[in-house]
Amino acid sequence: MFGRERVEYKTPEQVAVMRRAGLVVADALDAVRDALAPGMTTAELDAVAEDVITSRGGTPSFLGYHGYPASLCVSVNDEIVHGIPGPRVLQPGDVVSVDCGAVVDGWHGDSAFTVVLDPADPADVELAATTEDAMWAGIAALATGDRLAVVGEAVEDVVEAAAARTSAAPFGIVEDYVGHGIGTAMHQPPDVPNFRTRDRGLKLRPGLCVAVEPMLVRGSQENHTLADDWTVVTDDGSRAAHWEHTVAILEDGVLVLTARDGGAARLRALGVEVASL
């Protein structure tokens, strides 16, 4: 776990630059979402995102990061995270998770979404929707909670509620990969677990910026990394979903830096007002 003493707290002026980076990421993901269809290759989606990021004055955060060779992570079906774009052709019914980062004037934004291509398995649709709901619940908890552990508690609550509604086994929460602090680096302290922990975590206060990113699977959370040293897949072949937003805690609440409306629509539905910047 990252040491708490090294957490980077941001000024409102710095958060404003991060908001610019966040909107570049939002633009890139919107373009990828529009392009996503059976027959597209994951490399073609990567080119779409890179073009948007560079045309908006940003730099892809992922490209060259510890040797990573692309601007996106595109993870399909049993791939949980860090799927490398390439010649893979998307097929009808695929579960596709797209993760994107951009840096503007030295400050980062990071966001991800999951879609299920038609014809969609209802269980896959439920997986993606529950993962998104869990992310928003975790973000809302940052506005009302006292310690960072509230994120994981909120994520688990959503997963358990989804299982209760359907009388099905709960989706697995991937514990090996967690959210993170973000700012002048894409990954920095603190870790943001997506599950309940005995450690209550860092005290929440203005200036903290984190990426909230639950990853859920239809089966066991057990996973392994492929020979490319990046792509993480489920051991049992079950399908996975991944959602992420970059969030700033400000004096008057939270602002979702990678959401075009700052998260207003989803957060207000959860009883949380969006902070001003």
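**Cysteines, polar contacts and helix packing**

Author: Cys 100 is buried, its relative accessible area being 0%. The model is a predicted one, and a search through the whole of it turns up zero disulfides. Cys 100 accordingly takes part in none, and the nearest cysteine sulfur, which belongs to Cys 73, is 9.3 Å away. A disulfide would need the two sulfur atoms within 2.5 Å. For Cys 209 the closest cysteine sulfur is the one in Cys 100, and because 18 Å separates the two, they are too far apart for a bond. Cys 209 is also buried, with a relative accessible area of 1%.

Ser 75 is part of strand 2, which covers residues 72–76, and with a relative accessibility of 3% Ser 75 counts as buried. The side chain of Ser 75 reaches two backbone nitrogens, that of His 82 at 3.4 Å and that of Gly 83 at 3.1 Å. When neighbours within four places in sequence are set aside, the residues in contact with Ser 75 are Ile 80, Val 81, His 82, Gly 83, Val 95, Val 96 and Ser 97.

Thr 258, by contrast, is placed in a loop, the one that runs between strand 15 (253–256) and helix 5 (264–269). Apart from neighbours within four places in sequence, Thr 258 is in contact with Arg 19, Gly 22, Val 25, Ala 26, Gly 109, Asp 110, Ser 111, His 245 and Thr 246.

Turning to the helices, helix 1 (residues 12–35) and helix 2 (residues 42–55) have axes that come within 9 Å and cross at roughly 150 degrees, and their crossing is right-handed. Helix 1 brings Val 24, Asp 27, Ala 28, Ala 31, Val 32 and Ala 35 to this contact, while helix 2 brings Leu 45, Val 48, Ala 49, Val 52 and Ile 53. Sorted by class, the contact of helix 1 with helix 2 holds ten nonpolar residues, no polar ones and one charged.

Helix 3 (residues 122–144) and helix 4 (residues 150–166) have axes that come within 8 Å and cross at roughly 145 degrees, and this crossing is right-handed. On the side of helix 3 the contact is made by Glu 126, Thr 130, Asp 133, Ala 134, Ala 137, Gly 138, Ala 141 and Leu 142, and on the side of helix 4 by Val 150, Val 151, Ala 154, Val 155, Val 158, Val 159, Ala 162 and Arg 165. The residues where helix 3 meets helix 4 comprise eleven nonpolar, two polar and three charged.

Key
Residues are numbered from 1 along each chain as its sequence is written. This is a predicted model: local features need pLDDT of at least 70, side-chain atom pairs count only at pLDDT 80 or more; totals for chains, interfaces and linings use all residues. Side-chain values use heavy atoms; hydrogens and water are left out. Axes are lines fitted to C-alpha atoms, for helices over the stretch in contact, and angles run from 0 to 180 degrees between N-to-C directions. Helices (H or I, at least four residues) and strands (E, at least two) are DSSP runs, numbered from the N terminus. A crossing is left-handed if the near helix is turned anticlockwise from the far one by less than a right angle, and right-handed if clockwise. Contact means heavy atoms within 4.5 Å. Ala, Val, Leu, Ile, Met, Phe, Trp, Tyr, Cys and Pro count as nonpolar, Asp, Glu, Lys and Arg as charged, and the others, Gly among them, as polar. Buried means under 20% relative accessible area, exposed over 50%, partly exposed in between (1.4 Å probe, protein chains only). A polar contact is a pair of N or O atoms within 3.5 Å; within protein, one must be able to donate a hydrogen and the other to accept it, and residues adjacent in sequence count only if both atoms are side-chain atoms.
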